[in-house]
Amino acid sequence: MTQPAISAHDLTYSYGDNLAVDHVSFDVAPGEIFALLGPNGAGKSTLVRLLTGQVTPSEGSAAILGMDVVRQRKAVQAQIGVSFENTNLYEQMSAVENLDLFARLYGLRRSDGDFEPLALLEKVGLAGRERERVAGYSKGMKQRLMLARALVSRPRILFLDEPTDGLDPVSSQTIHGIIRESVAAGTTVFLTTHDMVEADKLSDRVAFINRGRIVALDTPARLKRQYGQRALRVELEQPDGATVVRELPLDGAETAEAIYDLLRQERVLTVHSEEATLEDIFIDITGRGLQA
């Protein structure tokens, strides 16, 4: 069997009396985009810190590429790139200076051809602004610089914590494109978000986390089939020209017969299926919204 890129077994962590991560277990395959979906405060960021060796679990264990994140922390750090929601950039430095400084932590130097900051900054859409102080950057620019910094060491695994939170659509699309390019080049991506559209669009599999526990884990399509209530929406034109919409459950032969009756008796304008969103499913499972 292929070794998981990321493996968690009974991971548990508390802030005082607050159980932030509660006996979480899962594996992430190499080259997969794995999305952890949940509202603010559900345990997403804490789980990333556990998986990247930044905090030590009170129970359980985690491994990156087969290496224990606690006992082999230094070796793990060399294989991962991390971009957190809260930026921790040096704001009085330029983007190039930020990347140079971070690269030196990995023993990488431009002079040795180890990395090229200008190419990275062009990749994230910061070309032409690379020598300006980061203090003058917008939130979207800072998020893109954080992503460039996470890519400096050419990581095999990329951890992105709410990478597009609060960003405009153009900045979000730029980051989505970079994520896809990284995966095409062989990188595994672990993504945390409370944006269900982003998770649905990008991820191979989704895990729902609620109050520190994984409550569902599967592909978006299978989660929709398992939990989502799907229906057919039929728009009809009335004799007076008004339109009405009827919803029919997707239950095989009975639905087909109902549509046939409508076609005989009414003027059908449109027929389309409507499936549950990931947020609908999360609310059904947990009783709370993703923005809660």
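This is a predicted model: local features need pLDDT of at least 70, side-chain atom pairs count only at pLDDT 80 or more; totals for chains, interfaces and linings use all residues.
**View 1. The largest pocket and the residues around its centre.** Let's start with the space itself: the largest pocket holds about 450 Å³. Its lining is made up of 18 residues. If you want to find the middle, look for Gln 77, Phe 102, Leu 105, Tyr 106 and Arg 149, which lie nearest the centre.

**View 2. The elements around the largest pocket.** Here we turn to the helices and strands. Two or more lining residues of the largest pocket come from each of α2 (73–77), β6 (80–83), α3 (95–105) and α5 (139–150). Helix α3 gives the largest share, with four residues.

**View 3. What kinds of residue line the largest pocket?** Sorted by class, the lining of the largest pocket has eleven nonpolar residues, along with five polar and two charged ones.

**View 4. The elements around the second largest pocket.** Helices α4 (117–123) and α6 (169–184) are the elements that each give two or more residues to the lining of the second largest pocket. The largest share, three residues, belongs to α4.

**View 5. What kinds of residue line the second largest pocket?** By class, you'll find seven nonpolar, three polar and six charged residues in the lining of the second largest pocket.

Key
Residues are numbered from 1 along each chain as its sequence is written. Side-chain values use heavy atoms; hydrogens and water are left out. On a 1 Å grid over the protein atoms alone, a cavity is a set of points where a 1.4 Å probe fits but cannot get out, and a pocket is an open set with protein on both sides within 12 Å along at least five of seven lines; lining residues have an atom within 4 Å of a point. Grid points are joined across faces, edges and corners, and a volume is the space filled by probe spheres set on the points. Ala, Val, Leu, Ile, Met, Phe, Trp, Tyr, Cys and Pro count as nonpolar, Asp, Glu, Lys and Arg as charged, and the others, Gly among them, as polar.
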